[in-house]
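Have the structure open as you read.

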Amino acid sequence: MKIWLDGTLRDAEGARVSVLDHGLTVGDGVFETLKAVHGQAFALTRHLDRLAVSARGLGLPEPDLDEVRRACEAVLTANPMPYGRLRITYTGGLSPLGSDRGTAGPTLVVALGEAQRLPDSTAVVTVPWVRNERGALTGLKSTSYAENVMALARAHERGASEALFGNTVGALCEGTGSNVFVVLDGALYTPPLASGCLAGITRALVAEWAGAEEAELPLDVLDRADEVFLTSTLRDVQGVHAIDGRLLPGAPGPVTAKARRIFTERAAADPDP
Ligand code: PLP
């Protein structure tokens, strides 16, 4: 396996980042996860743009997006596989111990791993922890993901594959690695970015292509929704068939199935929408 580090392709085995890298010591970094189908990354331009937005948000040096694009292409070419997960990590770099960033410059790593296609529907749980919709990291894809790791572990303990967060005002927000959509009386809704959710790339495409409206939704909308589905890079559109152990009969329902079909068709027609 070849990865990209410090401006060049290297064997993953021998590639090393300093133990003093700010990404490791304080979670000072941003990242992107892309889907790669037969060596073709999906929505690369949108992912690069979001990487830059996240980096700017953290005050990291502006990433050289031409280099990141070249790095992605080099890693994809060097590691042929049918279905993969391409990961870009961009951190504060080698720094003194503590929260001040060093002057060595950022670390850029691009790596690829095999991925699995996920089932059409899944079980989710809600967690009592909240997303702070006014937090400094809100909306940025930062590597400070410990809260998501904790919530996802809780989901797995309960036989689910995703955990959903509310926010500080009791509104539905997002999953640990996904955005959420609900169907109410035949209409499709997803929480607005002001809820504190990530500007998911799949979310934006599904909202545009399948015609969803943004709406602040109370958490208990999950008890009333006709259908619920998740979107993310590796899930595409994934129906929800159980919430906190309560079964949703007939999931994935017709609106979910239609959104999934539209997404699959449009994504196949244009790999960089
Ligand atoms: N929300 C969070 C917290 C995520 O980590 C992700 C996944 O990357 C998403 C939403 C979905 O975003 P995307 O569709 O860009 O993968």
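Start with H5 and helix H7 (residues 254-269), which pack at an angle of about 105° with their axes 10 Å apart. Axes here are lines fitted to C-alpha atoms, for helices over the stretch in contact, and angles run from 0 to 180 degrees between N-to-C directions. That makes H5 roughly perpendicular to H7; the label covers 65 to 115 degrees, with angles under 35 roughly parallel, over 145 roughly antiparallel and the rest oblique. On the H5 side of the contact sit Leu205, Val206, Trp209 and Ala210, and they meet Lys258, Ala259, Ile262, Phe263 and Arg266 in H7. Sorted by class, the residues of this contact are 7 nonpolar, no polar and 2 charged.

A few ground rules. This is a predicted model, where local features need pLDDT of at least 70 and side-chain atom pairs count only at pLDDT 80 or more, while totals for chains, interfaces and linings use all residues. Residues are numbered from 1 along each chain as its sequence is written. Helices (H or I, at least four residues) and strands (E, at least two) are DSSP runs, numbered from the N terminus. Two residues are in contact if their C-beta atoms, placed from the backbone, lie within 7 Å. For the classes, Ala, Val, Leu, Ile, Met, Phe, Trp, Tyr, Cys and Pro are nonpolar, Asp, Glu, Lys and Arg are charged, and the others, Gly among them, are polar.

## How H5 is tucked in

H5 is largely enclosed by the rest of the structure, because 7 of its 10 residues are buried. Buried means 20 or more other C-beta atoms within 10 Å of the residue's own, exposed means 12 or fewer, and partly exposed is in between, with C-beta atoms placed from the backbone. The buried residues of H5 are Ile201, Thr202, Arg203, Leu205, Val206, Ala207 and Ala210. Their cover includes helix H2 (44-58), strands S10 (179-184), S11 (187-190) and S14 (236-243), plus S13 and H7. After H5 comes Gly211, with a positive phi near 70°.

## Around the ligand

Helix H5 (201-210) and strand S13 (227-232) each supply at least two shell residues. There are 13 residues around the ligand, and Leu198, Gly200, Ile201, Thr202 and Thr233 come nearest; a residue is near if its C-beta atom, placed from the backbone, lies within 6 Å. By class, the shell has 2 nonpolar, 9 polar and 2 charged residues.

Val255 counts as buried because it has 20 C-beta neighbours inside 10 Å. Setting aside neighbours within four places in sequence, Val255 is in contact with Val183, Leu188 and Glu227. Its C-alpha is 9.4 Å from that of Asp226, 29 residues away along the chain.

Then look at Glu147, in helix H4 (residues 146-157). Glu147 has 15 C-beta neighbours inside 10 Å, so it counts as partly exposed.

## The whole chain

Zooming out, the protein chain has 7 helices and 15 strands. Of its 273 residues, 45% count as buried. Among contacts between residues at least 6 apart in sequence, 69% join residues at least 24 apart. The C-alpha atoms fill a box of roughly 55 × 40 × 30 Å along the principal axes.
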